Amino acid sequence: MNLNFSTEETDFQQEVRQFLQDKLPKDIAKKTKDGLHLSKDEYVQWQQILHAQGWSAPNWPVEHGGTAWTPTQKYIFANECAKAGAPDVIPFGLKMVAPIIYTFGNEEQKQRFLPDILASNVWWCQGYSETGAGSDLAGLKTTAVRDGDEYVVNGTKTWTTLGQYADWIFCLVRTGAPSAKNQEAISFLLINMHDPKITVSPIVLIDGKPEVNEVHFDGVRVPAENLIGVEGQGWTYAKILLSHERTGIARVALSKERLVQLKELAQGSPDGANKLLDDPIFAQKVADVEINLLALEYTELRTLSAISTGQAPGPESSILKIVGTQVIQAIDELYVEAAGYYSMPFVPHQFEDDFEGQHIGSDMEANTALRYFNNRKASIYGGSNEIQTNIISKAVLGL
Ligand SMILES: Cc1cc2nc3c(=O)[nH]c(=O)nc-3n(C[C@H](O)[C@H](O)[C@H](O)COP(=O)(O)OP(=O)(O)OC[C@H]3O[C@@H](n4cnc5c(N)ncnc54)[C@H](O)[C@@H]3O)c2cc1C
């Protein structure tokens, strides 16, 4: 992949910039840049704008609605979006379940599910984790017992991100006999969240937001046609999906943009002197993050290059996950340091849409504590960083 842009690539960059300037709603961009939570409607609005442009699924094969962009074009697109303040697309449909459906689903499933995912007409969530089955995912206990043309599902999933909005959930369920080996008894099932035998209970995170949930299945009858691929092969599909998930978690373009903003914040000072960025210790910390981010960017580009040739990301997605989340958390910490006292007034209500008062500190500073606390999750979700280290030691280093 060559990062010296050709004339065509520079033209493409201009086209993306123009599109973002014309079509990205200003209020959504402002909220994204200030690190505020977006509503379901705002996410859907943006994703449908992308869809109208034909740009909602750059990584999909063209025959299903992908863009056929080169890795360099995807790089340009991601970077321009981050600079403009475009929100990340919600990954569960477009980036996670869709590749599993178009790779392992049958024709009927592709036609039934992919167009609505592409157009963001439906909201998906991920039903993998359970209490006691997070890192040890193969120990999951939710059962799906075949009864004629249906599976009967019982159990509870947890940490289900934004499941309160979801129309569908993709689930790992236990279909094999209790005596079957753990991983051979797992299947991949698509379940309609509007079934009355499903209940969703919110879990409030440390920033006061109900971002994750428990999802309870109490005798939910699921048509057998919603099984993806072969019964008992769910573990294989699950691992491929996770490699897509982990690649996305690196969020390099976003971190690059946030580092630029951090430097702006650290350049400011009321009297024009004593800038934090001139402090050698702070400057050293910023430089450390910047170096890690640059190395991460090149690793991500190698992975994107492989995905563009139709391969699933390999175990290197674990490297992206670890370093990407370390960088995100390091930047958050530096923001808190740069904002100083202004990161302390942790008043969640000031971030609600109906808040009419004034933020304490600048918009850039007001959210630093909220973001710092919220992003502690990044080294846990998608498989904790300790587990990624185990994967690297086995699958990359052969230890
Ligand atoms: C904000 C958030 C959103 C999430 N969203 C979703 C979602 O949408 N859908 C979903 O299915 N899941 C989701 N998860 C779940 C996430 O994947 C799990 O939390 C994660 O895999 C860790 O599992 P656990 O919480 O059960 O911790 P445990 O597995 O109990 O681990 C606890 C600690 O022990 C360490 N540990 C465990 N085993 C080992 C080992 N073998 N070697 C070294 N260290 C080990 C872990 O690293 C961790 O620090 C989300 C989690 C969070 C925090």
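**Group meeting: helices and a ligand site**

I begin with helix H8, residues 252-267. H8 has 16 residues, so at 1.5 Å a residue it should span 22 Å; the C-alpha atoms at its ends are 23 Å apart, which agrees. Keep in mind that this is a predicted model.

Which residues of H8 are buried? They are Val252, Ala253, Ser255, Glu257, Arg258, Leu259, Gln261, Leu262, Leu265 and Ala266. On helices in general, an α-helix has 3.6 residues a turn, so residues three or four places apart point the same way.

Next is helix H4, residues 71-84. H4 has 14 residues and reaches 20 Å from its first C-alpha to its last, close to the 20 Å expected at 1.5 Å a residue. H4 is mostly covered, with 11 of its 14 residues buried. Among the buried ones are Tyr75, Ile76 and Phe77, and the list also includes Lys74 and Glu80. After H4 comes Gly85, which has a positive phi, near 85°.

Now the ligand. How many residues surround the ligand? There are 18, and the closest are Ser135, Trp159, Thr161, Ser384 and Glu386. By type, the shell divides into 6 nonpolar, 10 polar and 2 charged residues.

Some individual distances at the site. A backbone N or O atom of Gln126 is 2.9 Å from a nitrogen atom of the ligand. Ser129 has a polar side-chain atom 2.8 Å from a ligand nitrogen atom. For Ser135, a polar side-chain atom lies 2.6 Å from an oxygen atom of the ligand. As for cover, the ligand on its own has 970 Å² of accessible area, and the protein covers 66% of that.

The last item is Ile281, a residue in helix H9, which runs over residues 280-308. Is Ile281 buried or exposed? The cut-off for exposed is over 50% relative accessible area. Ile281 has a relative accessible area of 58%, so Ile281 is exposed. Between Ile281 and Thr389 there is a separation of 108 residues in sequence and 29 Å in space, C-alpha to C-alpha.

Note on methods
Residues are numbered from 1 along each chain as its sequence is written. This is a predicted model: local features need pLDDT of at least 70, side-chain atom pairs count only at pLDDT 80 or more; totals for chains, interfaces and linings use all residues. Side-chain values use heavy atoms; hydrogens and water are left out. A residue is near a molecule or strand if one of its heavy atoms lies within 4 Å of it. A polar contact is a pair of N or O atoms within 3.5 Å; within protein, one must be able to donate a hydrogen and the other to accept it, and residues adjacent in sequence count only if both atoms are side-chain atoms. Accessible areas come from the Shrake-Rupley method with a 1.4 Å probe; for residues, only the protein chains shown count as cover. Ala, Val, Leu, Ile, Met, Phe, Trp, Tyr, Cys and Pro count as nonpolar, Asp, Glu, Lys and Arg as charged, and the others, Gly among them, as polar. Helices (H or I, at least four residues) and strands (E, at least two) are DSSP runs, numbered from the N terminus. The expected span of a helix is 1.5 Å times one less than its number of residues. Buried means under 20% relative accessible area, exposed over 50%, partly exposed in between (1.4 Å probe, protein chains only).
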